[in-house]
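My notes follow in the order in which I looked things up.

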Amino acid sequence: MMPALIEIENVSKRFVKRVDLAGKIANVLGANNREQIVRAVDDVSLTIRQGEVLGLVGESGCGKSTLGRMVAGIMQPSAGRILYEGRAREDGNASAQVADALAVQMIFQDPMASLNPRMRIEDIIGEAPVVHGIVDTAGKRDYVAGMMRKVGLDPSVMGRFPHQFSGGQRARIGIARALAVQPKVLVCDEAVAALDVSIQAQVLNLFMDLRAEMNLTYLFVSHDLSVIRHIADRVAVMYLGRIVETAATDALFDAPAHPYTRALLDEVPRIDMRKKRFASLKGEVPSPLHPPSGCHFHPRCPRAEAICKSTRPPLVGVGPAHEAACLFPQTGGALPEPISQ
Amino acid sequence: MSGPILSIHDLKVEFGTRQGVVKAVDGVSLNVYRGEVLGLVGESGSGKSVTGLSILGLIDPPGRIASGSIKLEGQELIGLPEHELRRLRGERMAMIFQDPMTTLNPVLRIDTQMIETIRAHEKVSEKAARSRAEEALKRVGIPSPAERLLTYPHQLSGGMRQRVAIAIALLMSPALLVADEPTTALDVTIQSQIIAEVQQLCAETGTALIWITHDLAVVAGLADRIAVMYAGRIVEEGDVDPVLDHPRHPYTYGLLGSAPSNNRRGEKLAQIPGMTPSLANLPPGCAFAPRCAFAQEDCRVVPPALTHAGSRAWRCFHPVPDRETV
């Protein structure tokens, strides 16, 4: 087993909406405005090993993007720490901090929102490596051309602006920009979600080629289980800020232990499933402002019992390298029998 | 079988742009029968949404329907005066969109919007309309519908909003419902709830459904028939099983091949090279020819006509050999 590259230790992220002045005045007059706290990520521990692709799946609002952003260093955790190569980012000296920050790069869902529309591609890709002294100004053009070739773009278009490219090409520009500072880890947040099916396949292939070529490690955040199944070595499933199951990809898809994972797999439309009966899971993801007590999933869970309302289930081993946060996990089962009737 | 609910013949929709006239839809013909679910599949720019909007008469300038015929229950829709169209929309045909926030009025309560819809089409008392609205919300699986009627759209979750939009679309039991990517923005579990409800409602009322999507997997589970669009034309059409199991058009074949679930884990995906063409300058022959592995010289001269075989059809000179599985 490869050594851990990134260790996420008991990390939480809280977003607090404070009571504003109007609210405070109203409170004096007898109103009851309180601080609202969203626990976007709630005490999550996770390890990303050298060279692996870790898939992070979950529905919207489960905290997967927030966790990805904390790993990439864009957001600071409210509690807990994230270790890169065994040390926390804030522990090193200034140059080590910069090196660690450059080593983890992020690729976003919407390249149009993350590429500066007024910058030319040459500068979008070339700015950071020049600033960080990876390449000097004279060598910038050649360096950018090399990066563009690496992601399958024609270097002759480096003088153009982002709006002159198609969606798939913009995705490639975003990847080239991330690669330009020679990172070791890429955090991909829904990086292929906005692309057409035929283009999505091209970009996924590119990710796999780059991984082999540059020995990259990925945290691949997505809601699309078929993409995750294809690209990931290991998968972590999140629900309302907590990890509910982690396992090797095959183990998770063949024998999911947590009822939520099971339901999720059951709901995913598949090309080989014709005229299927949809909807086995009732209800919606509850608001993270008021998560249910105990196990967050208990109001929707077909296996829930009284104790699930009061006890937060810890992540426990249910198989080799397979953990689930459930008091009544499904173990030893081969293929999941559908929860639907 | 009685005649089709919807019959489109050789529909052409054009948009005047600075680069010249763009043919967004170029000769689409379709029939949809009572109680049938047709999956209209294509990538962005394939003309699938424009086809849907044309049916409802919602093409605005610079777009225009250049030629063709759209018949709803035998009545020609093209050229119909706007007030006639207004009467048909909502009553005999309805549409739901990807983002319900753009179809629901953000400053009106749900009950105002629903009662308005009913009373625009029928002379009923407000009280009767309200109880029908409540009934409609209940049918699409909204818990405590009486309370939900009193909320504004922003107070509802995305899935709930889409249910409200569906409830409004189905208020008058239309003969045809056009759904344009209605679940694309929703989570998987909510998506399957919505699909289940639409599936059930259409089966109950006999409403024909056109489900426009880029997601072959959704169509596989939902539709009876499937039509695949590329660059403004239908390139393949037929019953779901034969089309998805043994596609004849190289584009359908390529799309299915590039789906991660049809590939072995970790192996390279069978990708379609190149990118979706710009409609402003399409090649003279088959629009897919530049990306096609089967293309030969004749493909680059004239666009192929539809080849019919039983209940299915494809638009290709050199189709994928029969019985070839993806």
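**Entry 1: where the chains meet**

I began with the two chains and found 35 residues of chain A in contact with 39 residues of chain B. I count two residues as in contact if their C-beta atoms, placed from the backbone, lie within 7 Å. I note that this is a predicted model, in which local features need pLDDT of at least 70, side-chain atom pairs count only at pLDDT 80 or more, and totals for chains, interfaces and linings use all residues. Residues are numbered from 1 along each chain as its sequence is written, and chains are lettered from A and ligands numbered from 1 in the order in which they are written.

Which elements of chain A supply at least two residues each of the side that touches chain B? I listed α8 (197–214), α9 and α11 (259–267). Helices (H or I, at least four residues) and strands (E, at least two) are DSSP runs, numbered from the N terminus. α8(A) has the largest share of that side, eight residues. I sorted the side of chain A by class and got 16 nonpolar, 10 polar and nine charged residues. Here Ala, Val, Leu, Ile, Met, Phe, Trp, Tyr, Cys and Pro count as nonpolar, Asp, Glu, Lys and Arg as charged, and the others, Gly among them, as polar.

**Entry 2: domains of chain A**

I looked up the domain assignment of chain A, which gives domain 1 (4–232) and domain 2 (261–330). Such bounds come from an automatic or database domain assignment. The centres of the two domains, taken over C-alpha atoms, are separated by 28 Å. Eight residues from domain 1 of chain A and six residues from domain 2 of chain A make the contact. On the side of domain 1 that touches domain 2, β2 (36–49) and α9 (225–231) of chain A each supply at least two residues. β2(A) gives the most to this side, with four residues.

I also checked Asp43(A), which lies in strand β2 of chain A. Asp43(A) is not a glycine, yet has a positive phi of about 55 degrees. Most residues other than glycine have a negative phi, and most peptide bonds are trans. Is Asp43(A) buried or partly exposed? Asp43(A) counts as partly exposed, with 15 C-beta neighbours inside 10 Å. The rule is that a residue is buried if 20 or more other C-beta atoms lie within 10 Å of its own, exposed if 12 or fewer, and partly exposed in between, with C-beta atoms placed from the backbone.

**Entry 3: a buried strand and a buried helix**

I turned to strand β9 (residues 234–239) of chain A. Six of its six residues are buried, so β9(A) is largely enclosed by the rest of the structure. Arg234(A), Ala236(A) and Met238(A) are buried on one side, and Val235(A), Val237(A) and Tyr239(A) on the other. In a regular strand the side chains alternate between the two faces of the sheet.

Strand β3 (residues 53–57) of chain A runs parallel to β9(A), joined by four bridges. Two strands pair if DSSP finds at least two bridges between them. β9(A) also pairs with strand β10 (residues 242–248) of chain A, in the antiparallel sense over six bridges. Ala236(A) stands opposite Leu56(A) and also opposite Thr246(A) in β10(A). The hairpin of β9(A) and β10(A) has two residues between the strands, and Leu240(A) takes a positive phi near 45 degrees there.

Next I took helix α7 (residues 167–179) of chain A. 12 of the 13 residues of α7(A) are buried, so the helix is largely enclosed by the rest of the structure. Its buried residues pack against β6 (104–107), α4 (111–114), α5 (121–131), α6 (140–150), β7 (185–189) and α8 of chain A.

I traced an open sheet of eight strands in chain B, in the order β6-β7-β8-β3-β9-β10-β12-β11 with mixed pairing. The edge strands are β6 (93–96) and β11 (307–309) of chain B, each pairing on one side only. Another open sheet of chain B has four strands in the order β2-β1-β4-β5, with antiparallel pairing.

Pro61(B) and Pro62(B) are joined by a cis peptide bond, with omega about 10 degrees. Pro62(B) is in the loop between α1 (48–55) and β4 (63–72) of chain B.
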